[in-house]
Amino acid sequence: MTSATDEPLDTLQSEEALETAMKEARWYAVQVASGCEKRVKTNLEQRIQTFDVADKIIQVEIPHTPAVKIRKDGSRQHTEEKVFPGYVLVRLILDPATKQIPDDTWQVVRNTSHVINFVGAEQKRGTGKGRGHVKPVPLSNSEVERIFKQTSEQEPLVKIDMATGDKIIVLSGPFKDFEGEVIEVSPERSKLKALLSIFGRDTPVELEFNQVEKQS
């Protein structure tokens, strides 16, 4: 059986260097074109392999929280909601000497299709009126912890294509074919309240989601 002390010294040193680098890796937010988060993640992961920088760009994430979408027929569709639409998070190993993002790493991320820029502090230009260079600023450890804790612990968000003020028609029950206006939506109970004209008076009535249909 081989012990750790039997391994070549250069192997142990490289493992220690990698472990140190991993500890110093930082998360950065990257702004991307709206709706292109998944495409950017896929393209960036391919570019990481193409440009052989897997030892510098070690993680690409789109934080999600669970969600449940209520369809018009009352059925439930389990889906996911982006925590930060328009952004992708990347975990990078910094240059040990400068503690900054290495140029090749920056180029791989920045030149990925649909990437707008790193989130950071804009460095003003010395001359001219154009926008200056953006210096990437890493997320704090507390921000990272909060984001990933939120994605793992949050209860599913219930969503329905119905809001206060929407006009609806009742599809079933004692008020079938009545028309009204939504005054309250309770996604957690799969119910809503609507004002229906009953005997010439606006009357609030509680209805199940699958009892109504939104009118265009």
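This is a predicted model: local features need pLDDT of at least 70, side-chain atom pairs count only at pLDDT 80 or more; totals for chains, interfaces and linings use all residues.
Biologist: What does the secondary structure of the chain come to?

Modeller: The protein chain has four helices and 14 strands. Of its 216 residues, 30% are buried.

Biologist: Which strands does strand 12 join by bridges?

Modeller: Strands of a sheet pair through backbone hydrogen bonds, either parallel or antiparallel. Two strands count as paired if DSSP finds at least two bridges between them. Strand 11 (residues 179–186) runs antiparallel to strand 12, with six bridges joining them. Gly180 has Leu196 as its bridge partner in strand 12. Strand 13 (residues 201–208) is also antiparallel to strand 12, joined by eight bridges. There, Lys193 has Glu206 as its bridge partner, and Ile198 stands opposite Arg201.

Biologist: Which residues in these hairpins take a positive phi?

Modeller: The hairpin of strand 11 and strand 12 has four residues between the strands, and Ser190 takes a positive phi near 60°. The hairpin of strand 12 and strand 13 has two residues between them. In that turn, Phe199 has a positive phi of about 55°.

Biologist: What is the strand order of the five-stranded sheet?

Modeller: The order is 13-12-11-10-14, in an open sheet with antiparallel pairing. Strand 13 and strand 14 (212–214) are its edges, each pairing on one side only. From one strand to the next, the twist averages 40°.

Biologist: And in the open sheet of four strands, what is the order?

Modeller: That order is 2-5-1-6, with antiparallel pairing. Strand 2 (57–61) and strand 6 each have a single partner strand, so one side of each is left without a neighbour in the sheet. Neighbouring strands are turned by 30° against each other on average, direction ignored. Strand 1 (residues 26–32) and strand 6 are joined by three bridges. Gln31 has Asn117 as its bridge partner in strand 6.

Biologist: Which strands does helix 2 lie across?

Modeller: Helix 2 (residues 37–50) lies across strand 1, strand 2, strand 5 (87–92) and strand 6. Its angle to strand 2 is about 165°. Helix 3 (residues 103–110) packs on the sheet as well, touching strand 1, strand 2, strand 5 and strand 6. The direction of helix 3 makes about 145° with that of strand 6. Axes are lines fitted to C-alpha atoms, for helices over the stretch in contact; angles run from 0 to 180 degrees between N-to-C directions.

Biologist: Which residues is Trp106 in contact with?

Modeller: Contact means heavy atoms within 4.5 Å. Trp106 sits in helix 3. Leaving aside neighbours within four places in sequence, Trp106 contacts Ile101, Phe118, His133 and Pro136. Trp106 and Phe118 are twelve residues apart in sequence, and 9.0 Å apart in space, C-alpha to C-alpha.

Biologist: Where is Pro138 placed?

Modeller: Pro138 is in the loop between strand 8 (133–136) and helix 4 (141–153). Why does Pro138 count as partly exposed? Because its relative accessibility is 26%. Pro138 touches Arg26, Trp27 and Tyr28, not counting residues up to four places away in sequence.

Biologist: Across the chain, what share of contacts join residues at least 24 apart?

Modeller: The share is 56%, among contacts between residues at least 6 apart in sequence.

How values were computed: Residues are numbered from 1 along each chain as its sequence is written. Side-chain values use heavy atoms; hydrogens and water are left out. Buried means under 20% relative accessible area, exposed over 50%, partly exposed in between (1.4 Å probe, protein chains only).
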